[in-house]
Amino acid sequence: MLRECRAFTRLLVDGDPTPYMESRYVDAQVSLGNPERASATDRLLVEFAAGGPVAARIADAYSRLFYPAGLLRRKLILMFAILENTREYQDRFLAGGDGQRFKAWLRIGAAVASSCLLMAAGVLLLGPRDLLCRNAAALR
Amino acid sequence: MVAGDVLVVGSGASGVHLAQTLLERGHGVTMLDVGHQGPRPVLPDADFVQLKNLLEDPVEYFLGTNWQGAVLPGENARYYTMPPSRDHVFRHPRPFQVSPTNFEPVMSFASGGLAEALTGGCYPFNDAELENFPFDYSEIERHYATVIRRIGVTAARDDLAQFSGWFDEYSEPLATDAHSTHLLRAYGKRRKRLNADLKFHLGRSRVAVLTKDRGERRACDNLGRCLWGCPRESVYAPSSTLRELKRHPRFQYIGDTFVSHFSYRDNTVVGITATAPDGSERVYTADHYALAAGALCSSKILLDSIYRGTGELHQLDGLMDNPQLLVPFMSPRLLGEPAQTRSYQLHHLALGIEAERVEDYVHGQITTLKSVAVHPIAQSLPLDLRSALNVFRNTHVALGAANVWLCDRPDRSNVLTIRPTTGASGGATELVVKRQGEPDAAQVLRATETVQSALRQLGCVVPAGKSQLLRSGASIHYAGTMPMMRSRRHLACDPDCRSQDFRNLFFADGASFPFLPAKNLTFTLMANAIRVGESMSRNFNA
């Protein structure tokens, strides 16, 4: 779980979690329901995402496309909610832009384009494994 | 037994203003209330950003001990949620059970009632909107003025005055935030066209917020904590009036008390039965009784009382609730602007769409994004979260939403009744609310398209498919179950909101409204409670 916390924090704010953030993330797991009920796909995506910020971003993009309310998204959003309420990182969420409209358009365009690329990468990297997981679950 | 001139049930906007009016006229008041208390405001001088810096456990404050402030994806995901500091407003006591169909009722048992989470909108009903009421605007106008003097309301003399009248008692409005200023400027440039083509009018919202200190309430200091509960009490909440009432020698407040029913003989109420937290029941008596527990709860008390008295299950029809639309938008000219979290957080602007028939008038309030929980918004974007955060940061100041209300009329298929609780003893029942009448689809579409079109003319981008009609019950404007009327009718009120079945029982809340115009009703609830209080006082003296 601490691996997840670290990967998610790096993904969202390019920083490391403090012990306070780690403990809050661990506490927050109760709001996700029974972990035993997680599907094979859920486990695959969370395990993949815990590998690091790049993997987490690809898995998140894939989840947004196919499992927007899946376990990984829920965990990531919990981490997001925690981080936006911490003194260390709150400004990353609420500061707004730098006053330059043209650059803002560029940044928005870049964000959308990168998200599309990440989704494509997710389909390539995670799609086949996801299919295997689902087929295995169906056979059982 | 506790005796008093008038026994008021509920401490919400209606209850406290009724009580204040009666006390001012020399009558004694006992108030029965569940009265859930909210947490004491933390760090009252800290703004939204400072709060996160200074709190020892900011995550617990903002997300709650049970993570109820975290909005996770799924069917119930919303753009925002009530913060944990407002949990007490929506918590139900154990004996209260409700079974809704096609309606999601929101009720409060908090000290101060639902209006503790009031966003401050104060819009008087006009003559056309009062047409179905058994009194006209001239009769309630001075009571609106009294409410303004009591609580403080800001307004500007602008295009909206034609819909909501003008009072000299209004205070100057707060300075607008960057986005609201931009929208007002854009409206100024296109005003004639918007007025002529779309009948669309924009102006400053009428808000119960202080711009100067008033008693213990302090003027707005732009802390950006309105939604979390203003620690300066600048935004009005009835609990501040209740605090003043508690100092009055003829006022008695009995909290932690759940009123289940009243007893009666013939057409006279002889006592109200309430349950303490330990389960013990007490009977409270007075000369007169006023139910001000909110339309749903007051109706349940009435139905339970008849059921316990006669064994008969009655039903009240005509429950109303303003259909509410949410229209999110973005102003591209503000893209990339730095965020201004130190600002009055709620709406600065309001809109009105003129119509020939009062039923077609549309009213709304425009909220621009300032201090806010980001995670509910970021997850709604069709992007991975990191990209969504980048997009949000650059669009933050440019984002806004119009909350739009349509009128509601009494519909006999919207009913409220009670059902004996299976296996329970002592006459326990649950409240059954069935909403079968749907909002007029053509009217909803027309209002949505007009607001979207007006926003586009103001230079906004209105994302396709994001405008939505909120679930029935979301507006929290409930009314009409015991309508006031001049004619005689079983289970209705007379023009003074006195029950036509019980001579010493009054309904001081929205239950007595015979029509629900497209406006926030809290301001009129308070003004009407003063009217009822004056009428009760006149009757006592007579």
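1. The contact between the two chains draws 49 residues from chain B and 50 residues from chain A. This description rests on a predicted model, and what follows should be read with that in mind. Together, chain B and chain A bury about 4,200 Å², of which 59% lies on carbon and sulfur atoms. On the chain B side, B:W67, B:L385 and B:R386 provide 18% of the area that chain B buries against chain A, which is more than any other three residues supply.

2. As for polar and charged pairing across this interface, 29 residue pairs are in polar contact, both residues of each pair being at pLDDT 80 or more, and 3 salt bridges are found between chain B and chain A. In one salt bridge the side chain of B:R386 meets that of A:D14, with 2.9 Å from N to O.

3. Within chain B, 6 strands form an open sheet in the order β4-β13-β14-β15-β12-β18, and the pairing is antiparallel. The edge strands of this sheet are β4 (200-204) and β18 (468-469) of chain B, each of which pairs on one side only. Inside the sheet, strand β13 (residues 349-353) of chain B is joined by 5 bridges to strand β14 (residues 362-368) of chain B, the two running antiparallel; B:G352, for example, has B:H363 in β14(B) as its bridge partner.

4. Two helices accompany this sheet. Helix α7 (residues 178-198) of chain B packs on the sheet and touches β4, β12 (324-330), β13, β14 and β15 (399-405) of chain B, with its direction at about 150 degrees to that of β4(B). Helix α13 (residues 441-457) of chain B lies across β4, β12, β13, β14, β15 and β18 of chain B, and runs at about 20 degrees to β12(B).

5. Chain B also holds an open sheet of 4 strands, ordered β3-β17-β16-β10, in which the pairing is mixed. At its edges stand β3 (98-101) and β10 (315-317) of chain B, and because each has a single partner strand, one side of each is left without a neighbour in the sheet. Neighbouring strands of this sheet are turned against each other by 20 degrees on average, direction ignored. Strand β16 (residues 415-420) and strand β17 (residues 429-434) of chain B pair in the antiparallel sense over 6 bridges, and in β17(B) the bridge partner of B:L416 is B:V433. Helix α10 (residues 295-310) of chain B packs on this sheet, touching β10, β16 and β17 of chain B, and its direction makes about 50 degrees with that of β16(B).

6. Over all chains, a search of the whole structure finds 37 salt bridges. One of the salt bridges is that between the side chains of A:D60 and A:R73, at 2.8 Å from N to O. Since A:D60 lies in helix α4 (residues 53-66) of chain A and A:R73 in helix α5 (residues 71-83) of chain A, the pair ties together parts that are 13 residues apart in sequence.

Technical notes:
Residues numbered from 1 in each chain as written. Chains lettered and ligands numbered in written order. Predicted model: local features only at pLDDT ≥ 70, side-chain atom pairs only at ≥ 80, totals over all residues. Heavy atoms only, no water. Pairing = 2+ DSSP bridges. Contact = heavy atoms within 4.5 Å. Axes fitted to C-alpha atoms, helices over the stretch in contact; angles between N-to-C directions. Buried area = accessible area lost by both parts, 1.4 Å probe. Salt bridge = Lys/Arg side-chain N within 4 Å of Asp/Glu carboxyl O. Polar contact = N/O pair within 3.5 Å; in protein donor to acceptor, adjacent residues only side chain to side chain.
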